[in-house]
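Student: I would like a close look at one part of a protein. Please take me through it in short steps.

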Amino acid sequence: MSAKIEIGFAKSPRLSGDLAILLKASDAELPAGAAEADPSGVFGKAADIAKFTGKAMGKLDIVAPHGSPVDRIVVIGLGKAEAVIAHDWLKAGGTAASVLKSVDKVTIFIDAPGVEVSPKAAADFALGMLLRNYSFDTYKTRKKDDEENGPAKQVKVTIVTADASAAKKAFADAQAVAEGVILARDLVNEPANILGPLEFAAKAKELEKLGVEVEILTEKDMKKLGMGALLGVAQGSVRSPRLAVMQWKGGKAKDKPIAFVGKGVVFDTGGISIKPAGGMEDMKGDMGGAAAVTGLMHVLAAREAKVNVVGIIGLVENMPDGNAQRPGDIVTSMSGQTIEVINTDAEGRLVLADALWYCNDRFKPEFMINLATLTGAVLVALGTQHAGLFSNNDTLADNLLKAGLASNERLWRLPLGKDYDKLIDSKFADMKNSSGRHAGSITAAQFLKRFVGETPWAHLDIAGTAMSSPSDEINQSWGSGFGVRLLDELVRAHYEA
Ligand code: BES
Ligand code: MN
Ligand code: ZN
């Protein structure tokens with residue numbers, strides 16, 4: 001179990017407890033607080049021995065000298081003062097959280113000389129701590145040896161900065177972001193036997209506590225609406241599908257909403273076009289898009305964002321079964337367009353086709369952004385470092401790319417075009433759901449594009465980034481929660497009154 005972190009801010013604390021953490025730029029002095037923690041100046045000698053200069057996210061961990069009010073001192077490097085960017089504050093916070101084993105009380109001096117520390121930076125540092133501290137251990141009944149020797153169950157953190165009260169205010173928003181990212185990670189990490197469509201819908205319903213309006217459409221509702229594409233995927237599972245519709249009305253009543261749509265395949269076996277066994281367990285994470293949308297709705301409601309937002313998630317399980325759909329089947333989507341199902345493993349686009357159409361038809365949003373663990377091909381193209389971005393609108397795409405850089409949840413735009421579009425024309429229906437190996441991520445995006453009309457739209461293919469990406473300063477979890485910080489940043493920067 002990771003310890004609970006309780007974070008407070010102070011302007012000038014009385015230094016005590018078991019650990020002091022200091023931040024230092026490589027080309028500047030130690031911050032105020034150093035002299036108090038290290039009265040005999042042991043740090044300089046230790047730094048020489050360890051060749052510690054303060055390079056970005058480097059650490060020097062020393063026993064405090066006699067006369068210090070603390071037991072231990074950790075100095076974290078920020079790199080060159082002028083090169084510190086917004087995301088470095090999250091990373092520094094994450095690095096700080098990584099040294100808290102067996103610590104009850106820690107004081108962290110973040111005002112590194114030469115570096116500008118805004119209230120937002122202080123809040124981001126705290127956010128980095130909360131995100132790094134996350135671990136998913138719901139199902140571990142036995143503790144590891146080192147944990148039995150008693151790490152602190154609760155760590156009291158005091159972040160010391162000149163404008164502590166402004167930092168504290170900024171932290172309220174950061175806390176909302178942490179909760180949203182952690183909600184998304186939990187949903188992705190949860191196994192599919194525990195989290196089916198109904199259970200996921202119940203999680204969405206819990207957002208009502210924050211003032212989100214939540215409707216859950218049942219199979220019957222979706223039949224009435226003619227959602228044949230989504231229902232065709234669901235028909236092989238004994239677990240009935242759901243569509244959750246979440247609305248946060250933080251803007252003016254007359255303002256059009258912005259909309260986010262998520263793929264929520266709680267497990268993707270591939271269906272009759274079954275996947276190979278190796279690694280199939282990862283397909284419990286095939287609802288990463290829906291998790292990000294749910295996490296984002298949590299953030300926006302918790303920080304009372306001044307914007308109208310719709311979140312829609314299609315929740316289904318893709319199973320092989322006597323009643324499962326077959327390759328060659330033709331289904332009719334809510335839009336009226338018919339689809340030949342060439343490959344039952346190309347199911348995400350079928351779910352999104354109806355979810356996107358429904359969203360556009362009912363809400364006439366200013367834009368729609370969908371998130372989906374849609375194709376293995378995007379991993380081939382971009383690895384785990386960038387999610388694929390597809391859009392019919394350059395302004396929306398540019399805003400997303402900028403938000404990607406600011407949040408360090410990075411996107412790379414890939415093309416759409418008529419010549420790709422024709423690859424999904426079908427011999428028997430209006431379109432087919434799969435067209436072979438070439439340009440697999442693009443043809444999937446072309447398919448979605450046929451269900452968004454003229455509305456500005458972007459599709460984020462997060463198959464490489466939502467899960468199983470390498471751990472870093474702020475994430476050690478299999479499910480990363482990718483997309484929540486990105487889209488919160490997008491909304492903040494461009495769409496809030
Ligand atoms: N859920 C998968 C995509 C995926 C692959 C997500 C790896 C995460 C990691 C999706 O439903 C799928 O199976 N896509 C197929 C499409 C193909 C049949 C056209 C794929 O990528 O192979
Ligand atoms: Mn699939
Ligand atoms: Zn899938």
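Within what distance do the axes of helix α11 (residues 348-363) and helix α15 (residues 440-449) come, and at roughly what angle do they cross?

Tutor: First, the ground rules. This is a predicted model, where local features need pLDDT of at least 70 and side-chain atom pairs count only at pLDDT 80 or more, while totals for chains, interfaces and linings use all residues. Residues are numbered from 1 along each chain as its sequence is written, chains are lettered from A and ligands numbered from 1 in the order written, and side-chain values use heavy atoms, without hydrogens and water.

Now your pair. The axes of α11 and α15 come within 9 Å and cross at roughly 25 degrees. An axis is a line fitted to C-alpha atoms, for helices over the stretch in contact, and angles run from 0 to 180 degrees between N-to-C directions. Helices are DSSP runs of H or I with at least four residues, strands are runs of E with at least two, and both are numbered from the N terminus. The two helices α11 and α15 are therefore roughly parallel. Angles under 35 degrees count as roughly parallel, over 145 as roughly antiparallel, 65 to 115 as roughly perpendicular, and the rest as oblique.

The crossing of α11 and α15 is right-handed.

Which residues touch? From α11 come Arg 349, Leu 350, Leu 352, Ala 353 and Leu 356; they meet Ala 444, Phe 447 and Leu 448 of α15. Contact means heavy atoms within 4.5 Å. This contact has 7 nonpolar residues, no polar ones and 1 charged. Here Ala, Val, Leu, Ile, Met, Phe, Trp, Tyr, Cys and Pro count as nonpolar, Asp, Glu, Lys and Arg as charged, and the others, Gly among them, as polar.

The axes of α6 (residues 164-189) and α10 (residues 288-302) come within 8 Å and cross at roughly 155 degrees. So α6 and α10 are roughly antiparallel. Their crossing is right-handed. In α6 the contact residues include Ala 176, Gly 180 and Leu 187; in α10 they include Gly 288, Ala 292 and His 298. By class, the residues of this contact divide into 10 nonpolar, 5 polar and 1 charged.

Key
A crossing is left-handed if the near helix is turned anticlockwise from the far one by less than a right angle, and right-handed if clockwise.
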